[in-house]
Amino acid sequence: MTSTEWLYWALLSAVFAALTAIFAKLGVQEVDSDLATLIRTGIIIVVLSAFVAYTGKWVSPLALSPNTWFFLGLSGLATGALWVCYFRALKIGDASQVAPVDKLSLVLVAFFAFTFLGERPSLREWFGIGMVATGVLLLAFKR
C-alpha cells in the first residue's frame with residue numbers, strides 16, 4: 001500500500017457515509033428506525049459475505065485469537081448502537097443536522113486515540129480538531 005492509498009479509501013468512505021445519510025433518511029420515512037436498521041444490517045451481511053468469499057479472504061473465525069474476538073465484538077456492539085442511534089436521529093431530525101453531529105466522532109476518536117492508543121496529534125492537528133468541533137456545533141444548532 002502506498003503512503004497515500006489510505007486517503008483514497010477514506011475519501012470513498014466519506015462519499016459512502018454521505019450517501020448513507022441521504023438514503024437512510026429517505027428509507028426511514030415510512031418504517032420504524034429499528035426495523036430499518038435491521039434490514040440494513042441484513043443487507044450488509046449478505047453483501048460482505050459475498051465480497052469476502054469472492055475475494056478469497058475467508059478464514060475460519062475459530063482461528064482468530066481471543067483478543068481479536070474481544071475487540072471485534074466490542075466494535076460490533078458499538079456499531080450496532082451507533083446504527084440504532086443514527087437511524088433514530090435521522091427519523092426525527094434533518095439529515096443536514098444529524099450527519100454533522102455524527103461527525104463529532106472525529107473529535108472523540110482523536111481524544112480516545114490520545115488516551116488509549118498513545119497517539120499524539122500536533123498542535124496544528126488539535127487546532128483542526130477544535131475547528132471540526134466548532135463546525136459541528138454551528139451546523140447542529142443552525143436554527
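1. What percentage of the 143 residues in the chain is buried? Buried residues make up 15% of them. Keep in mind that this is a predicted model.

2. Overall fold. The chain holds six helices and zero strands. Read from the N terminus, its elements run α-α-α-α-α-α. Along the principal axes, the C-alpha atoms fill a box of roughly 50 × 45 × 30 Å.

3. Contacts along the chain. Take the contacts between residues at least 6 apart in sequence. Of these, 70% join residues at least 24 apart.

4. Surface. The accessible surface of the chain comes to about 10800 Å². Carbon and sulfur atoms account for 75% of that area.

5. Largest pocket, size and centre. The volume of the largest pocket is about 520 Å³. Its lining consists of 16 residues. Those nearest the centre of the pocket are Ser13, Ala17, Thr20, Asp102 and Lys103.

6. Largest pocket, where the lining comes from. Three helices each supply at least two lining residues: α1 (5-27), α3 (66-92) and α4 (95-102). Which helix gives the most? That is α1, with eight residues.

7. Largest pocket, composition. Sorted by class, the lining has 10 nonpolar residues. Three polar and three charged residues make up the rest of the lining.

8. Thr37, setting. Thr37 sits in helix α2, which spans residues 33-54. Is Thr37 buried or exposed? Thr37 counts as buried, because its relative accessibility is 6% and the cut-off for buried is under 20%.

9. Thr37, partners. The side chain of Thr37 reaches the backbone oxygen of Ser33, at 2.9 Å. Leaving aside residues up to four places away in sequence, Thr37 touches Trp83, Val84 and Phe87.

10. Ala99. This residue lies in helix α4, one of the helices that supply the lining of the largest pocket. Which residues does Ala99 touch, not counting those up to four places away in sequence? They are Ala21 and Tyr86. For a distance check, take Ala99 and Asp34, which are 65 residues apart along the chain. Their C-alpha atoms are separated by 18 Å.

How values were computed
Residues are numbered from 1 along each chain as its sequence is written. This is a predicted model: local features need pLDDT of at least 70, side-chain atom pairs count only at pLDDT 80 or more; totals for chains, interfaces and linings use all residues. Side-chain values use heavy atoms; hydrogens and water are left out. On a 1 Å grid over the protein atoms alone, a cavity is a set of points where a 1.4 Å probe fits but cannot get out, and a pocket is an open set with protein on both sides within 12 Å along at least five of seven lines; lining residues have an atom within 4 Å of a point. Grid points are joined across faces, edges and corners, and a volume is the space filled by probe spheres set on the points. Helices (H or I, at least four residues) and strands (E, at least two) are DSSP runs, numbered from the N terminus. Ala, Val, Leu, Ile, Met, Phe, Trp, Tyr, Cys and Pro count as nonpolar, Asp, Glu, Lys and Arg as charged, and the others, Gly among them, as polar. Buried means under 20% relative accessible area, exposed over 50%, partly exposed in between (1.4 Å probe, protein chains only). A polar contact is a pair of N or O atoms within 3.5 Å; within protein, one must be able to donate a hydrogen and the other to accept it, and residues adjacent in sequence count only if both atoms are side-chain atoms. Contact means heavy atoms within 4.5 Å. Accessible areas come from the Shrake-Rupley method with a 1.4 Å probe; for residues, only the protein chains shown count as cover.
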